Amino acid sequence: AFISGFSSASSRKLIITVAASAPTLYYYCYYHSGMGGAVNTNSTLGSSNFDGSIQSTVKANTTAGFSIVTYTRNGGLITVGHGLGAAPNIYIRKRRDSSDSWIAYNTIIDGSMDILILNSMDAKSNSGFTAPTSTTFYDDDSGDMVVYAFSEVAGYSKFGMYKGTGSTNGAFVYTGFRPALVITKQTNAAGSWFLFDNKRNGSNETEPYVMSNVSNTEASDLGWDLLSNGFKNRNSYVATNSLGADYLYLAFAESPF
């Protein structure tokens, strides 16, 4: 039925939405023998996901606990499928078709759903959302969205909180692996996002670092130790180690177990 009148049409397309759980699909040309192939969305732009109240497109690596999700919505509270198979500890959302902040929804700080802004120094605020499940997360904004979702994987990633000591003998944070990248953010007061890694210096104290919420060049006035099983703060800077302050961290392994 579809090919009827095709040759006289100025343009025509057929869109088939394929579920992530669908078997392998094939296409072929009605008129040309041998012209066809396999349809495999998993290896291209992601799979259609129908776990939420709207359809999303998901590219997920469940072994690494990371997925990229895109979807379009028009307001009202919805659920969105993320494909991780585990509840994400943090998911970072950005609107693609309009100016908008990078919003980091997370359950790391106190178990409830909180908001931090990746391009802002603001302290945490409550989101009002229910925590995500092993299949979906919540959203209530409008537009074309992209989300980066992370779930903790033992031996590969570790997300949590630490208390500041206010001294150069900072708290040791156990991760169970040698971190290659650590991201920190003070949550109970304004403070920058700090990213430090083992690639630019390669030895302790690890420097330099960059910040996601400012356009500054990299700096080297803060010291950290990246250890075989965690990291340790070696500075007394307020935004990373103020006495009694609360800090969120995201750590990723150098050599995942």
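## Strands, cores and salt bridges

In this model, V173 stands opposite F231 in strand β19. The model is predicted: local features need pLDDT of at least 70, side-chain atom pairs count only at pLDDT 80 or more, and totals for chains, interfaces and linings use all residues. Residues are numbered from 1 along each chain as its sequence is written, and side-chain values use heavy atoms, with hydrogens and water left out.

**The whole chain**

The chain holds one helix and 20 strands. Both kinds of element are DSSP runs, numbered from the N terminus: a helix (H or I) has at least four residues and a strand (E) at least two. Of the 257 residues, 40% are buried. Buried means under 20% relative accessible area, exposed means over 50%, and partly exposed lies in between (1.4 Å probe, protein chains only). Now take the contacts with a sequence separation of 6 or more: 57% of them involve residues 24 or more positions apart. A contact here means heavy atoms within 4.5 Å.

**A three-stranded sheet**

Which strands form the open sheet, and in what order? The order is β14-β19-β18, with antiparallel pairing. β14 (172–174) and β18 (224–227) each have a single partner strand, so one side of each has no neighbour in the sheet. On average, neighbouring strands are turned by 15° against each other, direction ignored. Such angles come from axes fitted as lines to C-alpha atoms (for helices, over the stretch in contact) and run from 0 to 180 degrees between N-to-C directions. Three bridges join β14 to β19 (residues 230–233). Two strands pair if DSSP finds at least two bridges between them.

**Two nonpolar cores**

The largest nonpolar core has 18 residues, and Y162, F196 and F231 have the most contacts inside it. The most come from β20, which gives four residues. A second, separate core has 17 residues, including V58, Y105, M113 and F129. A nonpolar core is a set of buried Ala, Val, Leu, Ile, Met, Phe, Trp, Tyr and Cys residues joined through side-chain atoms within 4.5 Å.

Neighbours within four places in sequence aside, F231 contacts residues including Y162, F172, V173, F196, W224 and Y249.

Strand β7 (residues 90–95) is largely enclosed by the rest of the structure, because five of its six residues are buried. β7 pairs with two strands described here. Four bridges link β7 to β8 (residues 103–106) in the antiparallel sense. Six bridges join β7 to β12 (residues 142–150), also antiparallel. R93 stands opposite I103 in β8, and the bridge partner of R93 in β12 is V147.

**Salt bridges**

How many salt bridges does the count give? It comes to 12. A salt bridge is a side-chain nitrogen of Lys or Arg within 4 Å of a carboxyl oxygen of Asp or Glu.

R93 forms one with D100, with the closest N and O atoms 3.9 Å apart. R93 and D100 also belong to a network of salt bridges with D139 and D141.

K124 pairs with D114 at 3.5 Å. K124 lies in the loop between β9 (114–117) and β10 (125–126) and D114 in β9, so the pair ties together parts 10 residues apart in sequence.

K163 meets D246 at 2.7 Å, N to O. K163 lies in β13 (residues 157–163) and D246 in β20 (residues 246–253), so this pair ties together parts 83 residues apart in sequence.

The table shows how accessible these partners are.

| Residue | Relative accessible area | Class |
|---|---|---|
| R93 | 3% | buried |
| D100 | 28% | partly exposed |
| K124 | 28% | partly exposed |
| D114 | 0% | buried |
| K163 | 48% | partly exposed |
| D246 | 23% | partly exposed |

**N235 in its loop**

N235 lies in the loop between β19 and α1 (238–241). Is N235 buried or exposed? N235 is buried, at 6% relative accessible area. A polar contact of 2.7 Å joins the side chains of N235 and T240. A polar atom of the N235 side chain also lies 3.0 Å from the backbone nitrogen of Y237. A polar contact is a pair of N or O atoms within 3.5 Å; within protein, one must be able to donate a hydrogen and the other to accept it, and residues adjacent in sequence count only if both atoms are side-chain atoms. Residues up to four places away in sequence aside, N235 touches S167, T168, L222, G223, W224, T240 and N241.
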